Structures are given as C-alpha cells and as structure tokens.
Amino acid sequence: KLEVRNERNGEVMFKDYFQASIAALTSCDYRLDGKETVICVTTEGDVRGWLPSSTAPGETTHTFDGKDDNQAYRELIDK
C-alpha cells in the first residue's frame, strides 16, 4: 500500500494498492519535461508513476533536492 499524506496535518490525500511489496520509490524527470514524476517499483516488477498535482497559491511541495534516492526512501519509510 502506498499513501500520500499532507505533511502539515497527516491527512491521506491519495492511496494506491499493490499485489506485491514495494521494492523502490523514487522521483525523477522521467518524461524529460521538467516535471518530477514519482515512480514506484514492486518486487514482482510492476512499475507505476504519478505526476504531482497542482498546489494552491502559497503551498509548497516536498522535494528531495540534494539527497540520493536511498536516503529519501529511508526518510519516507521512517515517517
């Protein structure tokens, strides 16, 4: 199961379910259009990606600038 939560109040904003365990979760410019895509890969080889939604004025999005993918992943699962 993958859940995206609001970092301010913990509210679940999006859920997705997988048949297998998640092996990797990363963020990259997969489409080469300047927008980061969240990509999830399972132990069975399923790959899914999501584009970020637009944010309201004044809101910010969380980025992993300056962190390698493994460090960002460890921080996500520690929350």
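The side chain of Asp29 reaches the backbone nitrogen of Leu32 at 3.0 Å. The backbone nitrogen of Gly34 is also reached by this side chain, again at 3.0 Å. Both are polar contacts (a pair of N or O atoms within 3.5 Å; within protein, one must be able to donate a hydrogen and the other to accept it, and residues adjacent in sequence count only if both atoms are side-chain atoms).

This is a predicted model: local features need pLDDT of at least 70, side-chain atom pairs count only at pLDDT 80 or more, and totals for chains, interfaces and linings use all residues. Residues are numbered from 1 along each chain as its sequence is written, and side-chain values use heavy atoms, with hydrogens and water left out.

**Asp29 and its loop**

Asp29 sits in the loop between β3 (22-28) and β4. Not counting residues up to four places away in sequence, Asp29 touches Gly34, Lys35 and Glu36. Contact means heavy atoms within 4.5 Å. The C-alpha atoms of Asp29 and Ile39 are separated by 10.0 Å, at 10 residues apart along the chain.

**Chain overview**

The protein chain has one helix and five strands. Their order from the N terminus is β-β-β-β-β-α. Helices (H or I, at least four residues) and strands (E, at least two) are DSSP runs, numbered from the N terminus. Of the 79 residues, 14% count as buried. The accessible surface comes to about 6300 Å², and 48% of that belongs to carbon and sulfur atoms. Areas come from the Shrake-Rupley method with a 1.4 Å probe; for residues, only the protein chains shown count as cover. Among contacts with a separation of 6 or more, 21% join residues 24 or more positions apart.

**Exposure of single residues**

Buried means under 20% relative accessible area, exposed over 50%, partly exposed in between (1.4 Å probe, protein chains only).

| Residue | Relative accessible area | Class |
|---|---|---|
| Val4 | 37% | partly exposed |
| Cys28 | 27% | partly exposed |
| Asp29 | 26% | partly exposed |
| Thr37 | 8% | buried |
| Cys40 | 0% | buried |

Thr37 lies in strand β4 (residues 37-42). Leaving aside neighbours within four places in sequence, Thr37 is in contact with several residues, including Cys28, Tyr30 and Trp50. The structure holds zero disulfides, a disulfide being a pair of cysteine sulfur atoms within 2.5 Å.

Val4 belongs to strand β1 (residues 2-5). Together with Met13 and Phe14, Val4 forms a nonpolar surface patch of about 260 Å² accessible area.

Notes
Patches are made of residues with over 30% relative accessible area and no salt bridge: like charges are joined within 9 Å, nonpolar side chains (Val, Leu, Ile, Met, Phe, Trp, Tyr) within 5 Å. A salt bridge is a side-chain nitrogen of Lys or Arg within 4 Å of a carboxyl oxygen of Asp or Glu.
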